[in-house]
Amino acid sequence: MFTVIDIVQPNTVEEAYSILNKRKTNQVIGGSAFLRMGKKRIGTGVELSNLNLDYIKEDKEYVEIGSMTTFRTLETNSIIKDNFGKILEDSVKDIIGIQFRNVVTVGATVFSKYGFSDLIVALLSLDTEVELYKGGRISLEEFLDRDYEKDLLIKVYIKKENKNASYKSLRNAKSDYPILNVSVSKYGNKFKLCVGARPQKATVAKKASEFLSNNEINESNIDRAIEMASEELTFGSNMRASKDYRKAMSKVLLKRAIMEVI
Ligand SMILES: Cc1cc2nc3c(=O)[nH]c(=O)nc-3n(C[C@H](O)[C@H](O)[C@H](O)COP(=O)(O)OP(=O)(O)OC[C@H]3O[C@@H](n4cnc5c(N)ncnc54)[C@H](O)[C@@H]3O)c2cc1C
């Protein structure tokens, strides 16, 4: 369990960011499910409940998700379903249980760039951007590539594009972390193939995505694309699975997701 010396609930994001940066040990508190598993000593915990960041709304071009939105809201929200089908629901619906998903937040998950994250890999295949207090609004892809910098994730934007998209994962047991997760989207002829829990963080298989976008969609080209993806990406071993197993399974999951989107 972590220790917090004191807790503040700022009323503006400016105040939250300023307190966050007053001391090295100050830290944002989201749903606190992950923090609770560690033994951190936090100076001032910056709790975001007063900032009205628990919302999902849409305008003509984007769906906006506030950073304090929980997984359960994401899973059951009609704006999400109407715009992106089942991909986001599918990516979170098997994580632990409903009570847990009522607590964990989108902002904490995306900001933390967990390698195993089921939500991040799903968001990556959609056109997703993040808004950081200091870092500004950037694509999720760019954010994942950036080095860590203390900041406040305010919201996530997803472009409304009518993409066909699918998420798949593999777990040793239902409530365990994923061994591997993938997502695939198709917009017109353009495919985006993403793989996470390699166990490194989610990334786009760029060569394979480009190949599939520029060639006829048939069995042999799909097989070639998944082979390319497994070669261009790096995989690793940990207590859950070996590098070779992950590499082999990436082809199976990617093929299933591709078949679903076409
Ligand atoms: C037991 C357990 C099992 C899990 N299994 C899975 C799984 O199978 N698949 C999966 O994808 N995920 C899994 N997760 C991760 C979970 O889905 C969340 O991603 C994780 O708990 C973080 O969300 P939180 O709200 O609890 O964050 P917290 O614990 O509150 O915070 C986590 C980190 O994010 C920082 N933070 C919080 N909010 C912000 C913000 N707005 N801006 C900047 N920094 C912020 C905090 O300072 C902290 O460093 C699991 C977590 C736990 C505890």
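Of the 33 residues around the ligand, which come nearest?

Author: Before the answer, two remarks on how to read the model. It is a predicted one, in which local features need pLDDT of at least 70 and side-chain atom pairs count only at pLDDT 80 or more, while totals for chains, interfaces and linings use all residues. Residues are numbered from 1 along each chain as its sequence is written, and side-chain values use heavy atoms, with hydrogens and water left out.

The residues that come nearest to the ligand are Q27, V28, S32, T109 and D118, out of 33 around it; a residue is near a molecule if one of its heavy atoms lies within 4 Å of it. The backbone of L153 places a polar atom 2.9 Å from a nitrogen atom of the ligand. On its own the ligand has 960 Å² of accessible area, and the protein covers 93% of it; such areas come from the Shrake-Rupley method with a 1.4 Å probe, and for residues only the protein chains shown count as cover.

From here we can turn to a few single residues. K113 lies in the loop between α6 (106–112) and α7, where helices (H or I, at least four residues) and strands (E, at least two) are DSSP runs numbered from the N terminus. Although K113 is not a glycine, its phi is positive, about 50 degrees. K113 counts as buried because its relative accessibility is 16%; buried means under 20% relative accessible area, exposed over 50%, and partly exposed in between (1.4 Å probe, protein chains only).

Helix α7 (residues 118–125) holds A122, which is buried because its relative accessibility is 0%. Apart from neighbours within four places in sequence, A122 is in contact with I87, L88, S91, Y167 and S183, contact meaning heavy atoms within 4.5 Å. R101, in helix α5 (residues 98–101), is likewise described as buried because its relative accessible area is 5%. The side chains of R101 and E75 are joined by a polar contact of 2.7 Å, and E75 is also among the residues that R101 touches, a list including F71, V92, D94 and I96.

S183, named above as a contact of A122, leads us to the sheets, in which two strands pair if DSSP finds at least two bridges between them. An open sheet of four strands runs in the order β9-β10-β11-β12, with antiparallel pairing. In that sheet β9 (164–171) and β12 (203–204) have a single partner strand each, so one side of each edge strand is left without a neighbour. Strand β10 (residues 178–187) is joined by seven bridges to β11 (residues 190–196), and the two run antiparallel; S183 has C194, in β11, as its bridge partner. Helix α11 (residues 243–261) packs on this sheet and touches β9, β10 and β11, its direction making about 35 degrees with that of β10, where axes are lines fitted to C-alpha atoms, for helices over the stretch in contact, and angles run from 0 to 180 degrees between N-to-C directions.

In helix α9 (residues 206–213), A208, S209, F211, L212 and S213 are buried, and the buried residues of α9 pack against β11, β12, α10 (219–232) and α11.

Finally, there is an open sheet of five antiparallel strands, ordered β4-β5-β8-β6-β7. Its edge strands are β4 (56–58) and β7 (136–139), each pairing on one side only, and its twist averages 20 degrees from one strand to the next. Four bridges pair β6 (residues 128–132) with β7 in the antiparallel sense, and E131 stands opposite R137 in β7.

Definitions and conventions. Polar contact = N/O pair within 3.5 Å; in protein donor to acceptor, adjacent residues only side chain to side chain.
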